[in-house]
Amino acid sequence: RKLDFVVKGKPYNVEIDDKLLTHSLSNIISNAFKYSVGKANPSLKLTYEEKEFSLTVSDKGIGIPKENMEDLLLPFFRGNNTVGIKGTGLGLSIAKEYLDINKGIVIINSTEGVGSSFEMKFQK
């Protein structure tokens, strides 16, 4: 499997802690692969806009149940449809903390059985 990658907009330099961003991004990409086994490849879209840039990881995996969305970024929380899939429930909460340090936000969209997208947005 591979990660499909798309860049939109005209690239520019940004000041950000690249190590923290790498940790956040690698966790979200890892989850995209883990929760979409046997499905289409996950994708990463890097979008440059005038005043912000974003990284969006999307998959066609198991999705997140609506009733789990509110608690998804809490430490040790795992969705009720993840039984049989290894994990501690720490990855997303740590990724969120790293995004906070970088003054970024995460927007999560998901439909159970259809897939998920995690958009990380940063001001320029």
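**Figure 1. The largest cavity.** About 40 Å³ of space lies in the largest cavity. A cavity is a set of points on a 1 Å grid over the protein atoms alone where a 1.4 Å probe fits but cannot get out. Grid points are joined across faces, edges and corners, and a volume is the space filled by probe spheres set on the points. This is a predicted model: local features need pLDDT of at least 70, side-chain atom pairs count only at pLDDT 80 or more, and totals for chains, interfaces and linings use all residues. Residues are numbered from 1 along each chain as its sequence is written, and side-chain values use heavy atoms, with hydrogens and water left out. The structure holds 1 cavity of 30 Å³ or more. Ile-28, Leu-73, Leu-92, Ala-95, Lys-96, Leu-99, Val-106 and Phe-118 line the largest cavity. Lining residues have an atom within 4 Å of a point. Helix α2 gives the largest share of this lining, 4 residues. Helices (H or I, at least four residues) and strands (E, at least two) are DSSP runs, numbered from the N terminus. By class, the lining has 7 nonpolar residues, no polar ones and 1 charged. Ala, Val, Leu, Ile, Met, Phe, Trp, Tyr, Cys and Pro count as nonpolar, Asp, Glu, Lys and Arg as charged, and the others, Gly among them, as polar.

**Figure 2. The buried side of α2.** The buried residues of α2 are Leu-92, Ser-93, Ala-95 and Leu-99. They cover an arc of only 160 degrees around the axis, so they sit on the same side of α2. The arc is that of the directions from the helix axis to the C-beta atoms. Buried means under 20% relative accessible area, exposed means over 50%, and partly exposed lies in between (1.4 Å probe, protein chains only). What covers these buried residues includes α1, β4 and β5.

**Figure 3. The largest nonpolar core.** A nonpolar core is a set of buried Ala, Val, Leu, Ile, Met, Phe, Trp, Tyr and Cys residues joined through side-chain atoms within 4.5 Å. Of the 21 residues in the largest one, Leu-25, Phe-53, Leu-55, Val-57, Phe-118, Met-120 and Phe-122 touch the most other members. Elements α1, β2, β3, α2, β4 (104-111) and β5 each supply at least two residues of this core. The most come from α1, with 5 residues. In soluble globular proteins, nonpolar side chains tend to be buried together. Not counting residues up to four places away in sequence, Phe-122 touches Ile-16, Leu-21, Lys-51, Glu-52, Phe-53, Leu-55, Leu-99, Asn-102, Lys-103 and Gly-104. Contact means heavy atoms within 4.5 Å.

**Figure 4. The largest pocket.** The largest pocket has a volume of about 440 Å³. Of the 28 residues that line this pocket, Asn-31, Lys-34, Tyr-35, Leu-72 and Leu-92 are the closest to its centre. A pocket is an open set of points with protein on both sides within 12 Å along at least five of seven lines. Elements α1 (18-34), β3 (52-59), α2 (91-101) and β5 (115-123) each supply at least two lining residues. The largest share, 6 residues, comes from α1. By class, 12 lining residues are nonpolar, 13 are polar and 3 are charged.

**Figure 5. The second largest pocket.** The volume of the second largest pocket is about 190 Å³. Its lining includes Asn-13, Val-14, Glu-15, Phe-53, Lys-103 and Phe-122. The lining has 5 nonpolar, 3 polar and 4 charged residues.

**Figure 6. Ser-36 in its loop.** Ser-36 lies in the loop between α1 and β2 (43-48). Ser-36 counts as buried because its relative accessibility is 1%. Not counting residues up to four places away in sequence, Ser-36 touches Arg-1, Pro-42, Asp-59, Lys-60 and Gly-61.

Figure 7. Asp-71 is placed in the loop between β3 and α2. Asp-71 counts as partly exposed, at 27% relative accessibility. The C-alpha atoms of Asp-71 and Ser-93 are separated by 9.9 Å, and the two residues are 22 residues apart along the chain. Phe-76 is also placed in the loop between β3 and α2. Phe-76 is not a glycine, yet it has a positive phi of about 70 degrees. At 60% relative accessibility, Phe-76 counts as exposed. Lys-103 follows α2, in the loop between α2 and β4. Lys-103 has a positive phi of about 60 degrees although it is not a glycine. Lys-103 counts as exposed, at 72% relative accessibility.
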